[in-house]
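User: Hi! Could you walk me through this structure, starting with the charged pairs?

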Amino acid sequence: MKGTALDILKQQLKDSPDLVCQPFLIDGRTCTLFYIPSIVDQAMLQKNIARFLLAESRTGSWDAFRRNLQQGTAFPVVYHAISDPEEAPVLIVQGKAVLHVDQTDDFYYFDTVQYQKRSIAESQNELVVTGPQEAFIEDIQSNLSLLRHKIRHPKLKMKEYIVGDYTNTLVYVVYIEGMPKTEVLAEIDSKLQSLSIDGIFGIGYVVEHFKESSTPFPIFQYTERPDAVAASLLEGRVCILMDGAPNAVIAPVTLFSLLQASEDYFQSPFAASWIRMVRFAFSLLSILLPSLYVAITTFHPQVLPAHLLITIASARERIPFSALTEALLMELTFEALREAGMRIPKPVGQTVSIIGGIVIGQAAVQAGIVSAPMVIVVSITGVASYIIPHLELGLIFRMLRFPFLILGGSMGLIGIFAGTFVLYAHLVHLRSFGAPYLQPVAPLVLSDWKDTLLRLSSPLMNKRSSAFSRIRHRRR
């Protein structure tokens with residue numbers, strides 16, 4: 001044998017008891033087929049590869065077989081020559097079948113990957129009443145097929161990357177040719193090409209290498225819905241899919257795009273606009289309501305009507321804590337209940353979190369630890385935080401509630417106004433791959449207001465947002 005390529009392969013895979021080495025004797029020469037049964041399509045392998053090798057072993061000529069092999073006509077399925085023999089072990093553990101030709105360093109591989117996967121089911125975290133129900137799964141090829149089914153056009157492009165020194169994970173960047181801004185594609189390509197990491201097991205591993213450490217706000221949009229990804233691609237945005245991840249990330253984003261839900265586009269413009277206004281209002285309440293309550297009852301009681309002030313004062317008469325301490329205790333308790341409800345098995349998790357909140361709130365009021373108005377305020381705030389469609393943005397809003405509480409409890413409304421100004425200034429300067437985070441408010445782009453607070457009918461939304469796409473012409 002020329003060289004040691006076969007010895008290197010066997011040495012690297014020597015402690016792999018599930019490796020199959022199947023030799024075929026053709027005209028006195030040996031060809032060896034290597035594969036791992038648990039991750040290959042064995043029916044396809046036996047039908048289109050092994051059967052033809054057996055036929056050649058009975059009546060075949062070695063010279064004719066070598067010639068057909070090099071010309072790509074030896075098998076009825078597509079196969080490729082391996083330029084570097086050291087790649088053969090990596091391809092085998094990725095689910096490929098590798099054929100070695102005797103007395104040479106020639107290797108060929110067949111795409112026979114077939115991992116165990118679950119069937120496509122409906123979305124669990126982005127539920128809609130109307131519209132498509134299917135969601136991404138962990139298998140990358142199934143996810144790409146879902147997108148191909150939505151956008152049937154040759155300009156739908158997919159660029160493949162291998163990420164992770166040990167995991168060798170497939171990552172795809174998906175976009176529609178000509179629509180995204182070139183600097184967005186260039187930045188994503190540069191980051192993925194230079195990404196050096198042992199392994200990735202979730203798409204969040206990739207996202208963290210793009211995100212600026214100076215902001216807690218998400219610069220990607222997570223989604224598990226193929227229709228949401230397809231709609232974003234038509235807006236000129238870029239999607240990143242990863243093998244093993246049942247969701248995708250979309251970039252760039254704005255704050256207002258993160259506050260939009262898929263169902264907004266499956267309802268009438270009037271219903272969608274009303275729901276959006278409610279969503280935006282309660283999103284603000286999820287940050288500011290507890291701090292406003294604490295600031296007003298502590299520093300500015302004159303703002304409240306006399307009857308309401310008397311009711312709140314009487315409810316707080318026996319409470320041993322300040323309004324700030326009371327709010328912090330209730331908010332932390334609510335956060336603990338919410339987290340416990342997520343970790344407890346699903347059949348009982350929601351029941352425990354709801355009943356736990358009611359029982360603890362009622363017991364705390366009767367014990368004189370917290371006041372009834374505070375329980376109401378915290379409950380409304382908790383419900384408001386669930387109205388935010390994007391999970392990561394909702395987590396940031398919940399986190400911001402505590403700094404605003406401290407500002408409101410220590411400096412009153414002045415502290416809240418100062419905190420709001422600092423937050424607004426941060427958001428104004430924030431960029432997601434060059435897209436202003438607060439567009440179309442800052443900068444003011446009136447044409448983009450057709451799909452922000454309100455959702456106008458589709459014929460009126462005749463331009464793409466300049467934050468996402470370099471093509472602004474009328475949608476067809």
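**Charged pairs and overall shape**

Analyst: Happy to. Glu335 and Arg401 are both buried. Bear in mind that this is a predicted model.

User: Okay, so how do the side chains of Glu335 and Arg401 meet?

Analyst: They form a salt bridge, with N to O at 3.7 Å. The pair links distant parts of the chain: Glu335 sits in helix α12 (residues 323-343) and Arg401 in helix α15 (residues 391-411), 66 residues apart.

User: Which residues are linked with Glu335 and Arg401 in a network?

Analyst: The salt-bridge network consists of Glu331, Glu335, Arg338, Arg398 and Arg401.

User: Nice. How many salt bridges does the count come to?

Analyst: The count is 14 salt bridges. Another one of them joins the side chains of Asp264 and Arg279, at 3.1 Å from N to O. This pair also links distant parts of the chain, with Asp264 in the loop between α9 (255-258) and α10 (269-299), and Arg279 in helix α10, 15 residues apart.

User: Is Asp264 buried or exposed, and why?

Analyst: Asp264 counts as buried because its relative accessibility is 1%, and the cut-off for buried is under 20%.

User: And what about Arg279?

Analyst: Arg279 has a relative accessible area of 6%, so Arg279 is buried too.

User: What do Arg237 and Glu235 do?

Analyst: Their side chains meet in a salt bridge as well, at 3.2 Å from N to O. Both Arg237 and Glu235 are buried.

User: Switching topic: how many helices and strands does the protein chain have?

Analyst: There are 16 helices and twelve strands in the protein chain.

User: What's the radius of gyration of the protein chain?

Analyst: The protein chain comes out at 30 Å, whereas a compact globule of 476 residues would be near 23 Å. For the extents, the C-alpha trace spans about 100 × 55 × 40 Å along its principal axes.

User: And how much of the protein chain counts as buried?

Analyst: Of its 476 residues, 46% count as buried. The accessible surface is about 24,200 Å², and carbon and sulfur atoms make up 60% of that.

User: What about contacts between residues at least 24 apart?

Analyst: Taking contacts between residues at least 6 apart in sequence, 65% join residues at least 24 apart.

User: Last one: how many positive and negative side chains are there?

Analyst: The protein chain has 42 positive and 42 negative side chains, and the centres of those two sets lie 9 Å apart.

Terms used. Residues are numbered from 1 along each chain as its sequence is written. This is a predicted model: local features need pLDDT of at least 70, side-chain atom pairs count only at pLDDT 80 or more; totals for chains, interfaces and linings use all residues. Side-chain values use heavy atoms; hydrogens and water are left out. A salt bridge is a side-chain nitrogen of Lys or Arg within 4 Å of a carboxyl oxygen of Asp or Glu. Buried means under 20% relative accessible area, exposed over 50%, partly exposed in between (1.4 Å probe, protein chains only). Helices (H or I, at least four residues) and strands (E, at least two) are DSSP runs, numbered from the N terminus. The radius of gyration is taken over C-alpha atoms; the globule rule is 2.2 Å times the number of residues to the power 0.38. Contact means heavy atoms within 4.5 Å. Accessible areas come from the Shrake-Rupley method with a 1.4 Å probe; for residues, only the protein chains shown count as cover. Lys and Arg count as positive and Asp and Glu as negative; His and the chain ends are not counted. The place of a charge is taken as NZ of Lys, CZ of Arg, CG of Asp or CD of Glu.
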